Amino acid sequence: AAEAGQQVRLRLGGVAGSPVVFDLIGPAGWTAFNGLATSSELVTLPSAGDYAVVARGSTGQYGGTYAFRLEETLQTDLSPGVAFSGTFPGSGHARLFRVTLAESSPLLVTLDDIGTANRSQVYARLGSPPTPRDHDHRSGPSGSADQQLLVPMAAPGTWYVLLDAAYVPQPGSYAIRADAAE
């Protein structure tokens, strides 16, 4: 069972023999992906309930072997004005932060990454977790390790900030901070 708003990603470990594809199906027939033959992008689950990953032969034949894992994105509360320190374990790591604003104000999210070769992106969305495809705001191009995201006038409420480390050649630490002008 999962809660509404949880983020997951299917990581394909390998397939041998007959081709295998994957479906992620949720409550009331909701489908995140159907016939996926590779690892998935981040998916935000829309409602609480039971979800299933279904593996099936893509050609109608069975007998292959496969390995996968379903990764949940960690969610952490981030207080305005207080930095969070973390570690990128490698490429493809994602972490989700919640920032609560009591009133409208500019919101600046700053990522300080000590890995100068790393390439990350920061996304923000009001009310529900963002993904690289579905967000309200994003940082500049992912051509550098350090990133900034500015929401010129953030509405009050819960903002979700996604830190997506696309390329991390060597594990290392980072700090992320959200500042709101009160």
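A pocket is an open set of grid points, where a 1.4 Å probe fits, with protein on both sides within 12 Å along at least five of seven lines. I needed that before starting, and I note that this is a predicted model.

**Entry: the largest pocket**

I looked up the volume of the largest pocket and found about 150 Å³ of space. Which residues line the largest pocket? I listed Ala-1, Ala-2, Gln-6, Val-8, Leu-24, Leu-45, Tyr-51, Ala-52, Val-53, Leu-70 and Glu-72. Sorted by class, this lining has nine nonpolar residues, one polar and one charged. Two strands, β5 (52-57) and β6 (65-72), each give at least two residues to the lining.

**Entry: Ser-105 and strand β10**

I found Ser-105 in strand β10, which covers residues 105-113. Is Ser-105 buried or exposed? Its relative accessible area is 1%, and the cut-off for buried is under 20%, so Ser-105 is buried. Leaving out residues up to four places away in sequence, I noted that Ser-105 touches Val-151, Pro-152, Met-153, Ala-154, Ala-180 and Ala-181.

I then checked the pairing of β10. With strand β13 (residues 147-154), β10 pairs in the antiparallel sense over six bridges. Leu-107 has Val-151 as its bridge partner in β13. With strand β15 (residues 172-180), β10 also pairs in the antiparallel sense, over seven bridges. There I wrote down Tyr-174 of β15 as the bridge partner of Asp-113.

**Entry: aromatic pairs**

How many aromatic pairs does a search of the whole structure find? It finds seven. I looked at Phe-22 and Tyr-66, whose ring centres are 5.6 Å apart and whose planes stand at 80 degrees, so this pair is edge-to-face. Phe-22 belongs to strand β2 (residues 20-25) and Tyr-66 to strand β6, so the pair ties together parts that are 44 residues apart in sequence. Phe-22 is buried at 0% relative accessibility, whereas Tyr-66 is partly exposed at 40%.

Next I took Phe-88 and Tyr-174, an aromatic pair that is stacked, with 4.4 Å from centre to centre and 25 degrees between the planes. Phe-88 is in strand β8 (residues 84-88) and Tyr-174 is in strand β15, so this pair ties together parts that are 86 residues apart in sequence. I recorded Phe-88 as buried, with a relative accessible area of 0%. Tyr-174 is buried too, at 2%. Finally, I noted that Phe-84, Phe-88, Phe-97 and Tyr-174 form one aromatic cluster.

Notes: Residues numbered from 1 in each chain as written. Predicted model: local features only at pLDDT ≥ 70, side-chain atom pairs only at ≥ 80, totals over all residues. Heavy atoms only, no water. 1 Å grid on protein atoms, 1.4 Å probe; cavity = no way out; pocket = protein on both sides within 12 Å on 5 of 7 lines; lining within 4 Å. Points joined across faces, edges and corners; volume = space filled by probe spheres on them. Helix = DSSP H or I, 4+ residues; strand = E, 2+ residues; numbered from the N terminus. Nonpolar A, V, L, I, M, F, W, Y, C, P; charged D, E, K, R; others polar. Buried < 20%, exposed > 50% of the residue type's maximum accessible area, 1.4 Å probe, protein only. Contact = heavy atoms within 4.5 Å. Pairing = 2+ DSSP bridges. Phe/Tyr/Trp six-rings, centres within 6.5 Å; stacked < 30°, edge-to-face > 60°.
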